[in-house]
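Colleague: I would like to go through this model feature by feature. Where should we begin?

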Amino acid sequence: MIHCYKQNGYNIVLDVFSGSVHTVDDLAYDVIEMYETANKDEIVAAMLEKYNGDDSIDEAEIRDCIDDVEELKSEGKLFATDDYEDLAFDFKARNTVVKALCLHVAHTCNLNCEYCFASQGKYHGDRALMSLEVAKQAIDFLIEHSGSRRNLEVDFFGGEPLMNFDVVKETVAYCRSIEKEKGKNFRFTLTTNGVLLDDEVIDFANKEFHNVVLSLDGRKEVHDRLRKTVNGNGSYDIIVPKFQHFVERRGNRGYYIRGTFTHNNTDFTNDIFHMADLGFTELSMEPVVCPPDDPYALTYDDLPVLFEQYEILAKDMLRREKEGKPITFYHYMLDLNAGPCIYKRISGCGSGTEYMAVTPWGDLYPCHQFVGNPDYLLGNVYDGVTKPAVQDEFKLCNAYARPDCKDCWAKLYCSGGCAANAYHATGSVTGTYQYGCELFKKRIECAIMMKVAQAQSAAAE
Amino acid sequence: MKRIKTIETRDLKTSVKTGGCGECQTSCQSACKTSCGVANQQCEKCVSEK
C-alpha cells in the first residue's frame, strides 16, 4: 500500500509496509499512482497525453521512470506487501508484561477546567488522595508484573498530583530504594496544572522526573476561558510565570507545555506560537475530546480549518529551524531512522496490558480515560487483574483489530488509535474515532513533509 | 534516480527480526494523554546503539 500526497511544494510517496518515504517529481508521482492499476503501455500512453507539450518528457523518459519504480519495488521500498497481519493475531495470545502505570495520586483538583475529561479531577466519583501504602503496593504490582522489562514508567497524574506531593516524593524514594536490587530503571513523569509549583517541587522534579507535562492552552484569553480557578477566575497569570521559572531551572529539556484546543480556538497555531513567544520550545497541543453536544466540541466544519492550521504550523516550524530557533511539536516528532519497530507499531499504546491507571483506592483500569467506568475495572493492585476478559479485549486492540483501519495508510503510525476515544465515539474499544483519525492523518502528513524538507535542505548544504 | 529521491528510513520488515524488545516508552505517558500515536516514539535499542 502506498499513500501519495502533495504538500508545501513536495510530492510525497509513503510506502506503508516498508516505512519508506520518497519525494518525487510530477511524472513519477503520476506513474506511481497508476502503477498498480495499469500496465506499462497504458501508463506510457496516459503520461504522453498528460505531458503533451512538455519537451522534457518523452516515451523513453516515462519508461525510465517506470523502471525506477520497479527497481524500488524489487528492493522492497515501494508497494511492499503486508506481512504483519499474522503477527497481530499472535499478539492476542501473547504474554504481556506491565511496564507503565498512571498513578492517580489525587482525585481532586485546584482548578475547575470546563472541558476536563476527569470531571474536575473526581472522575465522576469522590474526591480522594492516594495513600503511600496504595502507591507502594502499586509499585510492587508493577515490578512483579514487569517480567524482564528494565525500563518502567510511572506517571503522577490526577486531578492535580501536586495536591498530594508528599506521597509523590515518598513513592519516588521507594522506587529509587529498590530499583537496583530489582534490576529496574524507573522513569517518572509529572502532569501538572502548575498552580502548586514552587522551588521545592521544581528542585525535586528536576532531580527525579524524566519528563514533566505542564498544562497551558496558549493565549491568555483562550487559556482563561476554560481553565479557571475554583473561584471562576482565569489561571493564566498564576501559572505562566511558574512554568517559565520551572523550565528555565530545568534547562529547557525533558518537558512539554501541553495545551488543549477546542471549537473556541480553531486557530490554535496562534496558541502554539504564543507558547513559543513565552520562551517555551517543547510543545504539545491536543484536540479536545468531549461529547459532540458540548459547546466547545470540535465540529466537522472545523476540519478544513484545522488541516490548514497543521500545515501552517509545519511550515512555520521549518522557518524557525532555518533561523536557528527551532520548536518541537509533539505530534511532529518522527524519527524515521530510529522510530518504533513493527511490533510497537502494531500493538499500540498498550492500555490495559502494558499500561494501566491506578485510582487512589488502588483500583486498576486500562488507562486514565477509563477510570470510573465500572465496566472497565480490571482489578486492583492487591489482587492484580481479576477480570482477564476485560484485559483480553485490550490485547486485541491493535492496528489490525479494527475493520475501519484495514485500508488505512496511517495504521502503522497510530496503531489503530486510542481505545478510549474509540469507546467514547462508538461504544467499542475496537471501533474508530473517525474525527480523531482525520486529524491524526493530517499530522502525520505534515510530519513526514517536514522530514522531506529537512532531508532536502541537508542534501543541498 | 532522476525523478525519485528516497529518504533514509528504518526498514519495518527488517524490524520483524530485530524489534520487539518492548523497552520503548508507553505512548500515552509522554505528552498527549488523549490520543494514540506510536510513530513519534523512539526505539530504545536504536537510540542506545547510536
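Modeller: With confidence: pLDDT is the predictor's confidence in each residue, from 0 to 100. The model is predicted, and chain B averages a pLDDT of 83, with 88% of the residues scoring at least 70.

Colleague: Where in chain B is confidence lowest, and where highest?

Modeller: Where pLDDT is low, the predicted coordinates should not be read in detail. In chain B the lowest element is helix 2 (residues 44-49), at a mean of 83, and the highest is strand 1 of chain B, at 97. For the model as a whole, the scores are ipTM 0.92 and pTM 0.95.

Colleague: How does the radius of gyration of chain A agree with that of a compact globule?

Modeller: A compact globule of 461 residues would have a radius of gyration near 23 Å, and chain A, with 24 Å, agrees with this. The C-alpha trace of chain A spans about 75 × 50 × 45 Å along its principal axes. Its secondary structure consists of 16 helices and 15 strands. Of the contacts in chain A between residues at least 6 apart in sequence, 67% join residues at least 24 apart.

Colleague: Is A:A135 buried or exposed?

Modeller: The cut-off for buried is 20 or more other C-beta atoms within 10 Å. A:A135 has 27, so A:A135 is buried. A:A135 lies in helix 5 (residues 132-144) of chain A. Beyond four places in sequence, A:A135 touches A:L103, A:V105, A:M130, A:V167 and A:T171. A:A135 and A:V168 are 33 residues apart along the chain, while their C-alpha atoms are separated by 8.6 Å.

Colleague: Why is helix 15 of chain A described as largely enclosed?

Modeller: Six of the eight residues of helix 15 (residues 419-426) are buried, so the helix is largely enclosed by the rest of the structure. The buried ones are A:A419, A:A420, A:N421, A:A422, A:Y423 and A:A425. Their cover includes helix 13 (388-395) and helix 16 of chain A. Just after helix 15, A:G427 takes a positive phi of about 85°.

Colleague: Which residues are buried on each side of strand 9 of chain A, and which strands pair with strand 9?

Modeller: Seven of the seven residues of strand 9 (residues 255-261) are buried. One side carries A:Y255, A:I257, A:G259 and A:F261, and the other A:Y256, A:R258 and A:T260. Strand 8 (residues 209-215) of chain A pairs with strand 9 in the parallel sense over four bridges, and A:S215 has A:R258 as its bridge partner. Strand 10 (residues 282-287) of chain A also runs parallel to strand 9, joined by five bridges. There A:G259 stands opposite A:M285.

Colleague: How many residues of each chain are in contact at the interface?

Modeller: The size of an interface is often given as the accessible area lost when the parts come together. Counted by contacts here, 69 residues of chain A meet 43 residues of chain B. Helix 16 (residues 434-460) of chain A gives the largest share of the chain A side, six residues. That side divides into 31 nonpolar, 22 polar and 16 charged residues.

Colleague: In which sense do strand 3 of chain A and strand 1 of chain B pair?

Modeller: Strand 3 (residues 21-24) of chain A and strand 1 (residues 4-7) of chain B are antiparallel, paired over four bridges. In that pairing, A:T23 has B:K5 as its bridge partner.

Technical notes: Residues are numbered from 1 along each chain as its sequence is written. Chains are lettered from A and ligands numbered from 1 in the order in which they are written. This is a predicted model: local features need pLDDT of at least 70, side-chain atom pairs count only at pLDDT 80 or more; totals for chains, interfaces and linings use all residues. Helices (H or I, at least four residues) and strands (E, at least two) are DSSP runs, numbered from the N terminus. The radius of gyration is taken over C-alpha atoms; the globule rule is 2.2 Å times the number of residues to the power 0.38. Two residues are in contact if their C-beta atoms, placed from the backbone, lie within 7 Å. Ala, Val, Leu, Ile, Met, Phe, Trp, Tyr, Cys and Pro count as nonpolar, Asp, Glu, Lys and Arg as charged, and the others, Gly among them, as polar. Two strands pair if DSSP finds at least two bridges between them. A residue is buried if 20 or more other C-beta atoms lie within 10 Å of its own, exposed if 12 or fewer, and partly exposed in between; C-beta atoms are placed from the backbone.
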